[in-house]
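Hi everyone, thanks for coming. Let me put the structure up on the screen, and then we can walk through it together.

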Amino acid sequence: MISYELLGIAVLWLFLYGYLIVASVDFGAGFFAYYARLTKRDHMINRLISRYLSPVWEITNVFFVFFFVGIVGFFPKTAYYYGSALLIPGSIAVILLAIRGSFYAFENYGSKENIVYLFLYGATGLLIPASLSVALTLSEGGFIAEFGTLVRLQYMTLFTSPLSWSIVALAIVSVLFISSAFLCFYASRADDQPALNLMRTYALFWSTPTIIAAFTAFIYLSQHNERHFQNMMGLWWLLALSVGFFMLGIWLLYDGRRYGLAFISIMLQFFCAFFAYGIGHYPYILDPYITIQEGATHESMGFALVIAFIGGLCLLVPSLILVFKLFLFDADYVKGKK
Amino acid sequence: MDTDTVLWSRLLTGLTLTFHVIFATVGVGVPMMIAIAEFAGIRKKDPHYILMAKRWTRGFVISVAVGVVTGTAIALQLALVWPNFMQLAGNVIALPLFMEVFAFFFEAIFLGIYLYTWERFRNPYTHWVLTFPVVIGAGMSAFFITTVNGFMNQPGGFVMENGQFAAVNPVEAMLNTATPSKVLHVLSSAYLTGAALLAGIAAYTILKNGESPYYKKALNLMMSVVLVFGVFSALAGDVSAKFLAKHQPEKLAAAEWHFETESGADLLLLGWLNAERKVVGAIRIPKALSFLGFGDWNAEVKGLEEFPMDERPPLAVHYLFDLMVGIGFFVIAVALLYALSVWRSKGNAHSKRLLWLIVFCTPLSFLAIELGWFYAEIGRQPWMIRGYLRVEEAATASPNVRPLFFVFLLLYIVLGTLCAIVLRRLFRHNPAEAELERHLGKLSDQAGKVEPT
C-alpha cells in the first residue's frame with residue numbers, strides 16, 4: 001500500500017505536468033500571435049489560436065490553482081516557507097496572470113486590433129513561465145534563509161545564480177517549443193497549410209535551444225545540488241527515453257506528415273524529463289526544510305484529500321474528454337465550420 | 001511583530017476580496033438567470049428570451065474573466081500574505097479549499113462548452129442542460145469557500161495540542177455550525193443581486209430608449225426573481241441572526257451596541273455613540289433584538305461587557321449591519337411595488353419613478369453584499385480563527401506588503417475600468433432590437449433550408 005503523502009505528491013506532480021503542457025500552449029501562443037503581428041503574418045495564425053484557446057483558457061488557469069491549492073493542502077508547511085519567501089515573485093506572477101486572463105475576454109469582445117494589448121499578451125506569455133520557475137529554483141535549496149520567525153528570499157544569491165537563469169531560459173524556450181508543436185498539429189487538423197508551414201518552422205527552430213537549455217540546466221544543477229543530480233543520474237534511463245522521444249518528435253516534424261504523433265512524442269519527452277527531475281527531488285519538497293514525510297498533513301486530511309481527488313477526477317476526466325471531442329477532435333469545428 | 005505589516009496585510013486582503021466579491025457574486029448569480037431565461041425561451045418558443053440568455057452570457061464571460069483572475073489572486077494571497085495561518089489551518093481546511101477548485105474546474109469546463117455550442121445541437125434542451133453544471137459548479141464553489149469562512153468563525157473538527165491542530169476531522173470542520181446559515185445567506189443574496197443587476201440594466205435601457213418588448217420581458221422576469229430571492233434572502237438573514245445570538249454573541253452585540261446582558265433587549269437603528277459610549281439618536285424598537293436573536297421577546301441577550309476588552313469587535317460594525325439590512329428591505333419593497341404596479345395596470349406602463357428605483361437597486365444590492373461581508377469579517381476581529389489564532393499572529397513578517405497594496409490597487413482599478421469599457425462597448429453599438437432582427441433572419445433562413453426537403 002502506497003502511503004498517502006507519496007500518492008498526493010505523485011498526483012500533484014502529474015497535475016503540474018498537465019499545467020506545464022496546457023499552459024505552454026497558451027503562453028507560447030501569445031508570443032507567436034505578437035511576433036506574427038510584427039512580421040505581418042498574423043492573419044495566418046490568429047484565427048487558429050483563438051479558435052482553440054478561447055474555450056479552454058479558463059481550464060488552463062484552473063490547472064494552476066489546482067496544483068497550488070493541492071500542494072498547500074497536502075503539505076501545509078509549503079505555505080509557510082514558499083508563502084513567506086515568494087511574496088514578491090508570487091505577487092508579480094499573480095499580476096501577470098491577471099493581465100493575461102483579462103486579455104482573453106477583453107480582446108475577444110472588445111479591442112481586437114489593439115497592439116498594446118497584443119504586446120502585453122505576448123510579453124506575459126514569456127514572463128509568467130519565468131516568474132513561476134523561481135519556485136522550482138527555490139526548491140533546490142540555498143536561496144532561502146531563516147531568521148527566527150522570518151523567512152527571507154536571498155535575492156542576491158538568486159539573481160547571481162547561473163542555475164536560476166538556466167531554469168528561466170529552459171522554461172521560456174520549452175514553452176515556445178511545446179506551443180509551436182501543438183499549433184502545428186492543430187493547423188494540420190484544420191487543413192490550414194500556410195499556418196502549418198509557419199508553425200513548423202517555429203517548432204523546428206525552437207527545438208535546438210530547448211535541448212541546449214535542458215543540458216545547461218542539468219549541468220548547473222550538478223554544481224548546485226549534488227544529491228539531486230546523483231539521484232537523477234540514477235534515473236538515466238528516463239532521461240535517455242526523454243532524449244529519444246525528443247529525437248523522434250523532431251524527425252516527425254521534419255518529415256511533416258504525422259503532426260499528432262510528433263506532438264505526443266514531445267509530450268512524452270517532457271513527461272520523462274519532468275518525472276526524472278521530480279523523482280530525483282525525493283524526499284525533499286523544499287531542500288532542506290520540507291520533506292514529503294515530515295511536511296505532510298494529518299493522515300485523516302490526507303485521506304480525505306485523496307478521496308476528493310478520486311471523486312473529482314471521476315467528474316473531470318469525462319468533462320475534459322467532452323471538451324476535447326468538441327473543440328480539438330471535431331474536424332468541422334477546427335476548420336471553422338461550426 | 002510589526003503592527004504596521006499586519007495592518008497592510010489586512011488592507012491588501014480586504015482590497016482583493018472587496019474587488020473579487022463583486023465578480024464572484026455575478027459569477028454565482030448570473031448563470032442561474034441565464035438558465036432561467038433560456039428555459040423560458042425554449043418553453044415559450046420566444047426568441048426574446050433566447051436572445052436574453054445569449055446577451056447575458058456574453059457580458060457574463062467578461063466578468064468571469066475578472067472573477068477568475070481576482071480569485072486566483074486571493075487563492076495565492078492566502079499563502080503569501082498569511083503564511084502562518086495557512087500552515088496551521090491548512091491541516092483542517094484543505095479539503096473544502098481543494099473541492100472549491102474542483103467545483104470551479106467543473107464550471108469552467110462547461111462554461112466553455114456552453115459558450116461555443118449555441119447552434120450545435122438539434123434538440124434545444126441539450127444546450128440548455130449545459131447550464132446545469134455551470135449553475136451547480138458556481139453554487140458548489142460558493143458553498144465550499146463559505147465553509148472555509150464558516151470554519152474561521154466557528155472552528156471545529158480538531159483538538160488543540162501544543163499549539164497545533166490534532167485529531168483532525170475534515171468533514172466535521174467543513175460542516176461547522178456556521179456553515180448552514182452562511183451558505184443560505186450567501187447563495188440567496190447572490191441570486192438576488194444577479195437578478196437585480198439584470199433588472200436594473202433593463203430598467204435603465206427603458207428609461208433611456210423607451211419601452212420595447214425585449215426589455216419589458218427581461219424586466220418582468222428579473223423582478224419576479226428579485227422578489228423571490230429577496231424574501232428568501234431575508235429569511236436566511238434571520239437564520240444568520242439567530243445563529244449569531246447563539247454561537248457568536250459578541251458579533252451580534254457589537255452590531256447592535258448591546259453592552260449589558262439583559263432580557264427583552266431593544267433593537268437599535270442607526271444613531272451614534274457619544275464620548276461616554278452611550279448611544280444617542282438611535283431609533284429603539286423595544287425587545288426586538290431578543291426576538292430577532294431567539295424568537296422570544298423576553299429572551300436574554302448577552303452584552304459586550306461579558307467579553308474581555310481585547311476580544312471585542314470594533315463598534316463601527318453597527319452601521320455596516322444596519323445599512324445591509326436596510327438595503328435588503330428596500331430592495332424587497334421595490335420588488336413588491338413593481339409586482340403590484342404590473343398587476344394593477346396589467347403589465348403596461350411603468351412609471352419613471354419606479355424604473356429609477358429599480359435602477360438604484362442594482363448598485364445598492366452590490367453595496368449590501370460588500371457591507372454584509374465587511375460586517376462578517378470585521379465582526380470577527382481580532383480573531384483570524386476565532387478563539388485560536390489572532391490576526392497579528394497570522395500575517396506575514398515580510399515588510400513588502402505595503403508597496404504591494406498599491407500595486408494591486410492599481411491593477412484592480414485598471415481591470416475594473418477596462419471591464420466597464422469593454423462591457424459598454426459590447427452592448428452600446430449592438431442594441432437588442434437589431435440583434436433580434438438578425439437572429440430572426442437567421443432562424444427563417446434555416447427554416448427555409450429545411451422546408452423543401
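Let's start at Gly150(B), which sits in helix α5 (residues 131-153) of chain B; helices here are DSSP runs of H or I with at least four residues, strands are runs of E with at least two, and both are numbered from the N terminus. Is Gly150(B) buried or exposed? Gly150(B) is buried, because its relative accessible area is 0%, and buried means under 20%, exposed means over 50%, and partly exposed is in between, with a 1.4 Å probe and protein chains only. If we leave aside neighbours within four places in sequence, Gly150(B) is in contact with Asn176(B), Ala178(B) and Lys182(B), where contact means heavy atoms within 4.5 Å.

Residues are numbered from 1 along each chain as its sequence is written, chains are lettered from A and ligands numbered from 1 in the order in which they are written, and side-chain values use heavy atoms, with hydrogens and water left out.

How confident is the predictor? The model scores ipTM 0.78 and pTM 0.83. For single residues we have pLDDT, the predictor's confidence in each residue, from 0 to 100. Chain A has a mean pLDDT of 80, with 91% of its residues at 70 or more. In chain A, helix α14 (residues 331-334) is lowest, at a mean of 66, and helix α10 (residues 236-255) is highest, at 90. Chain B averages 82, and 95% of the residues score at least 70. Among the elements of chain B, the lowest mean, 66, belongs to helix α15 (residues 432-450), and the highest, 90, to helix α7 (residues 179-209). Where pLDDT is low, the predicted coordinates should not be read in detail.

Now for the domains of chain B. Domain 1 covers 3-261 + 302-449 and domain 2 covers 262-301, with bounds that come from an automatic or database domain assignment. Their C-alpha centres lie 30 Å apart, and 18 residues of domain 1 of chain B are in contact with 19 residues of domain 2 of chain B.

Have a look at Lys302(B) next, in the loop between β8 (300-301) and α11 (317-344) of chain B. Lys302(B) counts as partly exposed, because its relative accessibility is 40%. Not counting residues up to four places away in sequence, Lys302(B) touches Pro249(B), Ala253(B), His258(B), Thr261(B) and Phe307(B).

Another lysine to find is Lys45(B), in the loop between α1 (3-44) and α2 (47-81) of chain B. Lys45(B) has a positive phi of about 50° although it is not a glycine. Lys45(B) is exposed, with a relative accessible area of 72%.

Phe66(A) is buried, at a relative accessible area of 1%, and Phe98(B) is buried, at 1%.

Helix α2 of chain A also holds Val72(A). Val72(A) counts as buried, at 7% relative accessibility. Beyond its neighbours within four places in sequence, Val72(A) is in contact with Thr78(A), Ala79(A) and Met86(B).

To finish, a bent helix. In α12(B), a kink of about 30° lies at Thr362(B), shortly before the proline Pro363(B); the bend at a residue is the angle between axes fitted to the seven residues ending there and the seven starting there.
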